[in-house]
Amino acid sequence: MRKLSLITTALAGALLLIVPTTAQAATTVKTFTFNIHHGAGTDGKLDLERTAKTIEASGAGIVGLQEVDKNFDARSNWVDQAAWLATRLGMNYVFAANLDWDPPEAGKPRRQYGTAVLSKYPITDSRNTLLPKVGDEEQRGLLETVINVDGTPVRFADTHLNNATAAERQQQATAIVNLLGSATEPTVLVGDLNAVPSAAEIKTLTARWKDTWTEVGVGLGYTSAVPFPTRRIDYVLHSTALKATAASVPSSLASDHLPVSATFTLG
């Protein structure tokens with residue numbers, strides 16, 4: 001009996017050795033960037049619900065938006081668009097005003113225009129830094145957020161570079177590298193960069209962060225101008241702490257830009 005007991009114990013130990021251990025699954029993060037053109041679609045009609053449906057269909061957990069109005073003027077019915085979209089989609093949000101103008105009359109809210117980040121995850125920190133500009137060009141900014149993705153802080157940044165001159169975009173790209181390049185968290189940078197991938201200002205950014213589309217995108221990735229886009233000027237860039245697994249340019253008539261969707265694994 002003792003011999004049988006020893007054999008049984010040995011077999012049990014051998015089985016324990018060959019049973020595979022289950023590794024902790026990597027976290028999947030789906031992101032989205034969209035220049036929403038203050039909610040005006042290719043038909044020229046203001047329809048923020050159409051914008052919301054485009055975002056909703058992506059299934060994204062973190063979204064960067066550009067050309068967002070907040071009580072700006074009649075073109076967007078004086079709506080706080082970031083707040084409206086966040087409520088409609090059930091997401092947290094941060095809005096960053098790059099234009100901040102006096103109200104049309106005393107007692108009214110300030111007229112603001114800029115970028116926004118929406119997130120299904122908690123946003124634990126944020127800041128907006130105004131970027132270099134030349135003369136009377138429109139003020140641009142870099143909105144940085146820190147987002148708690150299932151216990152891991154991710155730095156998600158959103159920007160919209162100048163559309164007029166490459167020289168100004170170059171200054172802005174250099175400023176972004178200086179502001180964001182030393183971030184210790186896994187980092188995603190999204191936005192309408194108003195330049196094609198071969199431009200020097202884009203190369204300044206892709207020298208620091210990976211271009212998701214060149215890694216996993218299929219096709220040309222053109223995003224501007226809808227309905228017949230001929231240029232790729234909207235980007236999702238990321239640090240090496242994130243692994244890109246998918247990227248796409250969903251069809252939409254909600255804006256004069258197409259959005260970019262990108263999925264990553266973390267950890």
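Q: Leaving aside its neighbours within four places in sequence, which residues is Asn 194 in contact with?
A: Asn 194 contacts Arg 140, His 160, Leu 161, Asn 162, Asn 163, Arg 169 and Ile 233, where contact means heavy atoms within 4.5 Å. This is a predicted model, in which local features need pLDDT of at least 70 and side-chain atom pairs count only at pLDDT 80 or more, while totals for chains, interfaces and linings use all residues. Numbering starts from 1 along each chain as its sequence is written, and side-chain values use heavy atoms, with hydrogens and water left out.

Q: OK, so where does Asn 194 sit?
A: Asn 194 is in the loop between β8 and α5 (200–206). Helices (H or I, at least four residues) and strands (E, at least two) are DSSP runs, numbered from the N terminus.

Q: Is Asn 194 buried or exposed?
A: Asn 194 has a relative accessible area of 12%, so it counts as buried (under 20%; exposed is over 50%, partly exposed in between, with a 1.4 Å probe and protein chains only).

Q: You mentioned β8. Which sheet order does it belong to?
A: The order is β5-β6-β7-β8-β10-β9, an open sheet of six strands with mixed pairing. Pairing takes at least two DSSP bridges between two strands.

Q: Which are the edge strands?
A: They are β5 (123–130) and β9 (210–211), each pairing on one side only.

Q: How many bridges do β8 and β10 share?
A: Five, linking β8 (residues 187–192) and β10 (residues 234–238) in the antiparallel sense.

Q: Which strands does helix α4 lie across?
A: Helix α4 (residues 166–180) lies across β5, β6 (141–149), β7 (152–160) and β8.

Q: Switching topic: what about β12, how many of its residues are buried?
A: Six of the seven residues in β12 (260–266) are buried, so the strand is mostly covered.

Q: And which strands are joined to β12?
A: Strand β1 (residues 27–35) runs antiparallel to β12 and is joined to it by seven bridges; Lys 30 there stands opposite Thr 263. Strand β11 (residues 242–248) is also antiparallel to β12, with six bridges, and Lys 243 has Thr 265 in β12 as its bridge partner.

Q: I always check backbones. Where are the cis peptide bonds?
A: Ser 224 and Ala 225 are joined by one, with omega about 0 degrees. Another runs from Val 226 to Pro 227, where omega is near 15 degrees.

Q: Which residues have a positive phi although they're not glycine?
A: Asn 71 does, at about 55 degrees, and so does Asp 150, at about 50 degrees. Asn 71 is in the loop between β2 (62–70) and α3, and it is buried at 15% relative accessible area. Asp 150 sits in the loop between β6 and β7 and counts as exposed at 58% relative accessibility.

Q: Last one: what does Met 91 touch?
A: Not counting residues up to four places away in sequence, Met 91 touches Ala 60, Gly 61, Val 63, Ala 86, Leu 118, Ser 119 and Lys 120. Met 91 is in the loop between α3 and β3 (92–101) and is buried, with a relative accessible area of 9%.

Technical notes: Axes fitted to C-alpha atoms, helices over the stretch in contact; angles between N-to-C directions.
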